[in-house]
Amino acid sequence: MDVKEGDHPDSTRNPLLNVNPPESLKPSGSGLNPAEALELAFQEYSPNTRRAYSRAFHQLQQWAEIRELRDLESFDTLKLLAYKQKMRDEGRKPATINLHLSAVRKICAVLHEIGHLQKNPFDTRLIRTERVAEGSQKGSLSLAQLHALIDANEKIEYDRRNTNLLKIRNALLLKFLYLTAARRSEAANLKWEDLHQDGEFQVVILQHTKSGEPQKLKLRKELFEELQSWQTTLKENRINCEWVFPSLSFRTRGGKMSGKGVNDVISRLGAAIGLKISAHYL
């Protein structure tokens, strides 16, 4: 992770987490303080690796303005996406970004296991840990472009018989793909029974993933509520279907969208603002 000797002169004392306020986190009051617990957990790691982990954690802490451990527990999917984009914008290589996020995930996992975090914000059951691929800097959508696509969706001339439904569905489809990094087939196969309230979290279970194994993802509360409202809207329009993003054409109304149909929606929105994109681009 491009860590050099001397980058952090104090890191040898607390190689993973300095607890000197106000820059660092306040311990939660259990047994060992966070620095001591992490020192014990990572004592077999090489000095360079420990310094790299410390640097990764502190950079996240500074960017997200994390002052207490409980601040980490509210770190959600959108923040993760924004943090990845921030590192891309800085010109960091994909391998560096992956190593950086891997270090932060490992630290949070340890803090959770020893009781300093009630919830691990990087739990892979809640946040998909997509690795950043080579060349991904060329295939990343900015938040400004996302908003432009949402605005374009309101201005596109859809079939007048279905205009309102198409606008709602397509806006939600766009947000869902962007916020979850779901593939087009995963969105097309999504059923209402796959949306759940799991304790404090709102989650979606992707049943048909590329790996062949179901995957649970955390959803933003606002998106979850919008999807619930969408289900009500469908029922009010006498579309009682199992699919979250159903076909709205009159021939297949209420049926399952195809992966191509999902891709066509995103391509059309992109074309409206001068972007040549696909669902995979998101």
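**Helix packing and nonpolar cores in a predicted model**

Helices α7 and α10 pack at an angle of about 95°, and their axes lie 10 Å apart. The axes are lines fitted to C-alpha atoms, for helices over the stretch in contact, and the angles run from 0 to 180 degrees between N-to-C directions. Because of this angle, α7 is roughly perpendicular to α10; the classes are roughly parallel under 35 degrees, roughly antiparallel over 145, roughly perpendicular from 65 to 115, and oblique for the rest. On the α7 side, the contact (heavy atoms within 4.5 Å) is made by R169, N170, L173, L174 and L177, and on the α10 side by V262, V265, I266 and L269. The residues of this contact divide into seven nonpolar, one polar and one charged. Here Ala, Val, Leu, Ile, Met, Phe, Trp, Tyr, Cys and Pro count as nonpolar, Asp, Glu, Lys and Arg as charged, and the others, Gly among them, as polar.

The structure is a predicted model, in which local features need pLDDT of at least 70 and side-chain atom pairs count only at pLDDT 80 or more, while totals for chains, interfaces and linings use all residues. Residues are numbered from 1 along each chain as its sequence is written, and side-chain values use heavy atoms, with hydrogens and water left out.

The chain comprises ten helices and three strands, where helices (H or I, at least four residues) and strands (E, at least two) are DSSP runs numbered from the N terminus. Along the sequence, their order is α-α-α-α-α-α-α-α-β-β-β-α-α. Of the 282 residues, 48% are buried; buried means under 20% relative accessible area, exposed over 50%, and partly exposed in between, with a 1.4 Å probe and protein chains only.

Helix α7 also packs against α6, at an angle of about 165° and with the axes 9 Å apart. The pair is therefore roughly antiparallel. In this contact, L143, L146, L149, I150, N153 and E154 of α6 meet L166, K167, N170, A171, L174, K175 and Y178 of α7. Eight of the residues involved are nonpolar, two polar and three charged.

The largest nonpolar core has 44 residues, and those with the most contacts inside it are F176, L177, L227 and F245. Such a core is a set of buried Ala, Val, Leu, Ile, Met, Phe, Trp, Tyr and Cys residues joined through side-chain atoms within 4.5 Å. Among the elements that give two or more residues to this core are α6 (143–155), α7 (163–180), β2 (201–206) and α10 (259–272). The largest share, nine residues, comes from α7. Leaving aside neighbours within four places in sequence, L177 is in contact with A182, R183, A187, V262, I266, A279 and L282. A second, separate core of 24 residues includes L69, Y83, I97 and V110.

H112 lies in helix α5 (residues 94–113) and is partly exposed, with a relative accessible area of 33%. Residues up to four places away in sequence not being counted, H112 touches L117, Q118, K119 and N120.

Two loop residues remain to be described. E65, in the loop between α2 (47–63) and α3 (69–72), has a positive phi of about 55° although it is not a glycine. R238, in the loop between α9 and α10, has a positive phi near 60° and is likewise not a glycine. Both residues count as exposed, E65 at 62% relative accessibility and R238 at 78%.
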